[in-house]
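Please look at the sequence and the model before reading on.

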Amino acid sequence: MNDMSQDARDLLEEIERDALDSTVPIADVLRKCIVLGRYTDSTALRDWARRELRGYESETDLPAYRKVNAPICLDAIVGLNHVRGQQISPRALPEAAQEAGISERVPLLTSISEIASLANADGSPSVSISLPGASTLVALMNHEMEDEFQQILSLYWRVNRNTLKGLVDQVRSALVELVTEVINELPPGERTPAKTATDQALNVAVYGGKRNTVTLINAQAGGDTSVEAQSLPSSPSQETETWWHRWRKRGIVVGASTFVAAVVAIFTWVEWKPWQ
């Protein structure tokens, strides 16, 4: 038995223990998953752990637990009053934003460490996350209102900090479930999980996939056996990338006569800086 095999089983137990201990930073547990992915030759496990640690580049890679519900809100000046946190319907946004799919479903692409920090920070019970292209949408909405006594200042999602805490807890739970699935698939006497078993455990624990099942039914008359096999779910990374994750450059300055062009441009050129 080689040392790596010994380490792999010990590492599984460490991951389970640390995931169950809320005082251990979740990032530390995920780093151990990268090492486990190397032992088991599971690229899928390493990639998931790295995305959680560094943040996701595309919404299409996001597990379901990273898409949370939150209201769209605005801050504004109305006459002499300053309005904060006014909730609005997505239908109140410009048509281009609605067609682009901005809704009350928030994709959280940032690193798990930043999410955990925001969840546990002191202050208000919620955190503001800017809508993509918010500054240009604000300018367009103010132009459409044409009211000098009303001015929208900002547009954002208001995400409850308990929602963020729940997200971090889901990652911990996924890690515990992943270890359980892997250990259950280990043959007697083996200490290194197979790549296929590790990949399957990741799909079950993180992406909500179903376990591979094989059912054998022996015919009483002597012979026929039927086998049913359930395949792994397809990887979410195969989907087409959405519009707001291709933004890389900042800066659109538009006048009143060029708002229509600006709305089109935001879907390509405005960088999304989520945390206000």
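R51 is partly exposed, with a relative accessible area of 24%. The model in which this value was computed is a predicted one. The side chain of R51 joins that of D61 in a salt bridge, with 4.0 Å from N to O. This pair links distant parts of the chain, since R51 sits in helix α3 (residues 43–54) and D61 in the loop between α3 and β1 (67–69), ten residues apart. D61 has a relative accessibility of 12% and counts as buried, because buried means under 20% relative accessible area.

**Other salt bridges**

How many salt bridges does a search of the whole structure find? The search finds ten salt bridges.

| Pair | N to O distance | Location |
|---|---|---|
| R9 and E13 | 3.4 Å | both in helix α1 (residues 3–20) |

R9 and E13 are four residues apart, which is about one turn of the helix. E13 is partly exposed, at a relative accessible area of 38%.

Are E14 and K32 buried or partly exposed? E14 is partly exposed, with a relative accessible area of 29%, and K32 also counts as partly exposed, at 21%. Both residues belong to a network of salt bridges that links E14, R17, D18 and K32.

**Backbone angles**

Most residues other than glycine have a negative phi. Which value does phi take at D41? Phi of D41 is near 60°, a positive value in a residue other than glycine. D41 lies in the loop between α2 and α3 and is partly exposed, with a relative accessible area of 48%.

E146 also has a positive phi, near 50°, and is likewise a residue other than glycine. E146 is found in the loop between α6 (134–145) and β6 (150–160). With a relative accessibility of 68%, E146 counts as exposed, because exposed means over 50%.

**Cysteines**

A disulfide is a covalent bond between the sulfur atoms of two cysteines. The count of disulfides in this model comes to zero, where the cut-off between the sulfur atoms is 2.5 Å. C33 is buried, with a relative accessible area of 0%. C73 counts as buried as well, at 0% relative accessibility.

**The chain as a whole**

The secondary structure comes to nine helices and eight strands. The chain has 276 residues, and buried residues make up 43% of them. Of the contacts with a separation of 6 or more, 68% are between residues 24 or more positions apart. The accessible surface of the chain comes to about 15,100 Å². Carbon and sulfur atoms account for 48% of that surface.

Methods. Residues are numbered from 1 along each chain as its sequence is written. This is a predicted model: local features need pLDDT of at least 70, side-chain atom pairs count only at pLDDT 80 or more; totals for chains, interfaces and linings use all residues. Side-chain values use heavy atoms; hydrogens and water are left out. Helices (H or I, at least four residues) and strands (E, at least two) are DSSP runs, numbered from the N terminus. Buried means under 20% relative accessible area, exposed over 50%, partly exposed in between (1.4 Å probe, protein chains only). Contact means heavy atoms within 4.5 Å. Accessible areas come from the Shrake-Rupley method with a 1.4 Å probe; for residues, only the protein chains shown count as cover.
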